[in-house]
Amino acid sequence: MLQVQGVSYRYPGKASPAVLADVSCSLGPGSLTALLGPNGAGKSTLLNLLLGQLTPSQGRLLWSGQPMAPRRPRLALVPQRSAIQWQMPITVRDLVALGTLAAPADEPRLAIAEALQSMGLASLADTRLSQLSGGQQQRALLARALVQKADLLLLDEPFTYLDPPTRQQLLAVLRQQACGGRIVLVSSHDWGDSLQGYDRALLLDTTLRADDRPDRVLERLQRP
Amino acid sequence: MSSDPTTFTWWLLPLLMALLTGAMGGVAGPLLVVRRRVLHSNLIAHAVLPGVALALAAGIEPLLGGLASGVGVTWLAERLSSRRLADDAGQEVVANTLLAASLGLGVLLIQALDGDVDLNSLLFGDLLTAGPADLLRAAIALGLLLILVCGRYQQLVFLAVDPEGAAAAGLPVRRLQQLLSLATTLVIVSGMAAVGLILAIALYSAPALIGLRTAASLRGALGRSAAIGMAVGGFGLSLLLDSPPGPVIACLCVPLLLGSAAAPHRGRG
């Protein structure tokens, strides 16, 4: 269980405004949650706090009832596209194999092959990452995250530039991961059709504006 | 101690020095290019000058002086650009200002030392004055660089392709960055006899770009880049032109860059 309790964050400097203010929520194992909000709403800041890259100015983060800082869950991140060095000479198989650094597997080759298979990339395993389409690249990153066997899987805007069928395919894989007992949190600008695939949606705009079923959050968003 | 041009093997030591420096630059280059640390390594190349000058004047190992001032200026740059100047423009301004200041300080120190240190050979290299100590230093630096690359290869690949994902996975990203900075300083100071300090950057850039564009893995890119670095060591041409090797190598890297732009990307492994 991940608990965010009254978390606020402001960047260093006396005059800087709060990026996050008094955010509280809990995410349990097996949940697939959308983290929604406009640009500057604090979505990436919240992810960075969960990753331990930032420290809350106020409030605390708990994992299984204990502070997250010393008791860190196993984390996997699929970052925004701009954070990836796509021109790096690396094959899809080698990229996915990096996941075993975080979670050494008894049979790493099998774990890698399964992840490639589940993302439909087996036939592209020896292709260089830069040669893939945007959707295939995103699936390759997700395959690496699957190999990491994380307790908490975080995805930052993973559906940017993806067509609707590819989005649905990725969502189905995320659903499988959640069903396997993981906590899956997806930061997204997209509050269209694919929002229906989630268990829950958090609407963030510095404060937490809504924490509810996706259809109810959609209704709220569509209200003038 | 210098090579003696009157002996029939006078060319051997400078040649080995040029090859080692080319290999060092070729191995370090791709690691810096994929991490977008070329400007940072150029800063280090300039930052080591004051420390090397002082160490040479004091008669102590120049590597120690270079490491001290290289690490000091790198630390200062990271402190300055970690908060209010954290955006790309701010970091660029910090790096370039400190780079110029380090060069300026180095020149002022060498002037103040009144001829004890040869500025030209520090900046542009002088293969014919390279001695066994330079060769040993370069061999040790290359060895340490290879140990870092072989021992941490997968971590370096993860860091290069996805630094945020690597940090999330619990990799020691900060320590890896520090090791890379330290290795860069070591390589730059060790290669100064062959290529000089401020023109070394060419040897870390153009061969790396060709390696990265044409190989299917980082390992392949390191190998190709090292081979190209050794080939453009500039030893022969430098002797032919009776010129310091640094400027020759820097000029030779331009056709390499053009070749790199024309080289096809490799698709399949």
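**A walk through chains B and A**

Guide: Let's begin with burial: of the 269 residues of chain B, 51% count as buried. Keep in mind that this is a predicted model.

Visitor: Okay. How many helices and strands are there in chain B?
Guide: Chain B has 14 helices and zero strands. Reading along the sequence, you get α-α-α-α-α-α-α-α-α-α-α-α-α-α.

Visitor: What radius of gyration does chain B have, next to that of a compact globule?
Guide: Chain B has 18 Å, and a compact globule with 269 residues would have a radius of gyration near 18 Å, so the two agree. Along its principal axes, the C-alpha trace of chain B spans about 55 × 40 × 30 Å.

Visitor: And the contacts inside chain B, what share join residues at least 24 apart?
Guide: That's 75%, counted among contacts between residues at least 6 apart in sequence.

Visitor: Let's switch to the two chains together. How many residues of chain B are in contact with chain A?
Guide: 28 residues of chain B are in contact with 25 residues of chain A. On chain B's side, helix H7 (153-161), helix H8 (163-168) and helix H12 (218-231) each supply at least two residues. H7(B) has the largest share, with six residues.

Visitor: What kinds of residues are on that side of chain B?
Guide: They divide into 14 nonpolar, nine polar and five charged.

Visitor: Now the nonpolar core. Which residues touch the most other members in the largest one?
Guide: The largest nonpolar core has 154 residues, and the ones touching the most other members are Val96(A), Ala143(A), Leu154(A), Met17(B), Met24(B) and Leu197(B). Helix H1 (residues 12-34) of chain B gives the most to this core, with twelve residues. As a general point, in soluble globular proteins nonpolar side chains tend to be buried together.

Visitor: Let's zoom in on Val96(A). What is Val96(A) in contact with?
Guide: Setting aside neighbours within four places in sequence, Val96(A) is in contact with Ile112(A), Ala115(A), Leu116(A), Ala140(A), Ala143(A), Arg144(A) and Val147(A).

Visitor: Change of topic: sheets. In what order do the four strands of the open sheet in chain A come?
Guide: The order is S2-S1-S4-S5, with antiparallel pairing. Strand S2 (18-27) and strand S5 (66-67) of chain A stand at the edges with a single partner strand each, so one side of each has no neighbour in the sheet.

Visitor: How many bridges join S4 to S5 in chain A?
Guide: Two bridges join strand S4 (residues 58-63) of chain A to S5(A). In one pairing, Trp63(A) has Gln66(A) as its bridge partner in S5(A). Helix H1 (residues 43-51) of chain A packs on this sheet, touching strand S1 (2-10), S2 and S4 of chain A, and its direction makes about 60° with that of S2(A).

Visitor: What about the open sheet of six strands, what order does that one have?
Guide: In chain A that order is S6-S7-S8-S3-S9-S10, and the pairing is mixed. Strand S6 (75-78) and strand S10 (207-212) of chain A are the edge strands, each pairing on one side only. On average, neighbouring strands of this sheet are turned by 15° against each other, direction ignored.

Visitor: Do S3(A) and S9(A) run parallel or antiparallel?
Guide: Parallel, with four bridges joining them. Ala34(A) stands opposite Ala201(A) in S9(A).

Visitor: And how many bridges join S9 to S10 in chain A?
Guide: Five bridges join strand S9 (residues 200-205) of chain A to S10(A), and these run antiparallel. Among the pairings, Leu204(A) has Leu208(A) as its bridge partner, and Leu202(A) has Asp211(A).

Visitor: What sits between S9(A) and S10(A)?
Guide: They form a hairpin with one residue between them, and Thr206(A) in the turn has a positive phi of about 70°. Most residues other than glycine have a negative phi.

Visitor: Is Thr206(A) buried or partly exposed?
Guide: Thr206(A) has 19 other C-beta atoms within 10 Å, so it counts as partly exposed; buried would take 20 or more.

Note on methods. Residues numbered from 1 in each chain as written. Chains lettered and ligands numbered in written order. Predicted model: local features only at pLDDT ≥ 70, side-chain atom pairs only at ≥ 80, totals over all residues. Contact = placed C-beta atoms within 7 Å. Nonpolar A, V, L, I, M, F, W, Y, C, P; charged D, E, K, R; others polar. Rg over C-alpha atoms; globule rule 2.2 N^0.38 Å. Buried ≥ 20, exposed ≤ 12 C-beta atoms within 10 Å, placed from the backbone. Core = buried A, V, L, I, M, F, W, Y, C linked by C-beta atoms within 7 Å. Pairing = 2+ DSSP bridges. Axes fitted to C-alpha atoms, helices over the stretch in contact; angles between N-to-C directions.
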